[in-house]
Amino acid sequence: MRKKLIKHLFVRLLIGAAPMVFFAIGMFAKGQSGNNGMSLNLEKFLPVCLILIYVSFLIIEGLNHFVKGRIDYGLCSISTVVILVVVFLYIMYLEHLV
C-alpha cells in the first residue's frame, strides 16, 4: 500500500513538473518579442493555463477520493497541489528578484 501511494504521488508530481519547467524557462528567458506588452506572452501563458487545469483536476480527484473513503489517496492528491502551488509561487518570486 505504501509503495502504491508513493508511486501515486511521484507520478502526479512528474506530470505537474512538465508545465512547471516550461513556465520557469519562460520566466527566465531574456529575449522579448518586441510587442510592447500588447499581446500575451505565450511562453508564460500556456504553462500557467496547463498548471491551473492540472491543479483543478487534482483538487477534484482528491475530493473524489475523500468521498469514496480513500483518504490516503485524497491526501496524496491535495499534497501534490500544495507542492505544485508552492513551487509555482517560488518561481514567480525568483523571477521578481532578478
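Modeller: A nonpolar core is a set of buried Ala, Val, Leu, Ile, Met, Phe, Trp, Tyr and Cys residues joined through side-chain atoms within 4.5 Å. The model is predicted. Its largest nonpolar core has 13 residues, and those touching the most other members are Met-20, Phe-23, Ile-51, Leu-58, Leu-84, Phe-88 and Ile-91. At least two residues of this core come from each of helix 1 (2–28), helix 2 (42–67) and helix 3 (71–97). Helix 1 supplies the largest share, 5 residues.

The axes of helix 2 and helix 3 come within 7 Å and cross at roughly 160°. Because angles over 145 degrees count as roughly antiparallel, helix 2 and helix 3 are roughly antiparallel to each other. Helix 2 passes helix 3 in a left-handed crossing. Among the residues making this contact are Val-48, Ile-51 and Leu-58 of helix 2, together with Leu-84 and Phe-88 of helix 3. By class, 14 residues of the contact are nonpolar, 5 are polar and 1 is charged.

For helix 1 and helix 3, the axes come within 10 Å and cross at roughly 20°, which makes helix 1 roughly parallel to helix 3. Their crossing is right-handed. This contact has 18 nonpolar, 5 polar and 4 charged residues.

Note on methods:
Residues numbered from 1 in each chain as written. Predicted model: local features only at pLDDT ≥ 70, side-chain atom pairs only at ≥ 80, totals over all residues. Heavy atoms only, no water. Buried < 20%, exposed > 50% of the residue type's maximum accessible area, 1.4 Å probe, protein only. Helix = DSSP H or I, 4+ residues; strand = E, 2+ residues; numbered from the N terminus. Axes fitted to C-alpha atoms, helices over the stretch in contact; angles between N-to-C directions. Parallel < 35°, antiparallel > 145°, perpendicular 65-115°, else oblique. Left-handed = near helix turned anticlockwise from the far one by under 90°. Contact = heavy atoms within 4.5 Å. Nonpolar A, V, L, I, M, F, W, Y, C, P; charged D, E, K, R; others polar.
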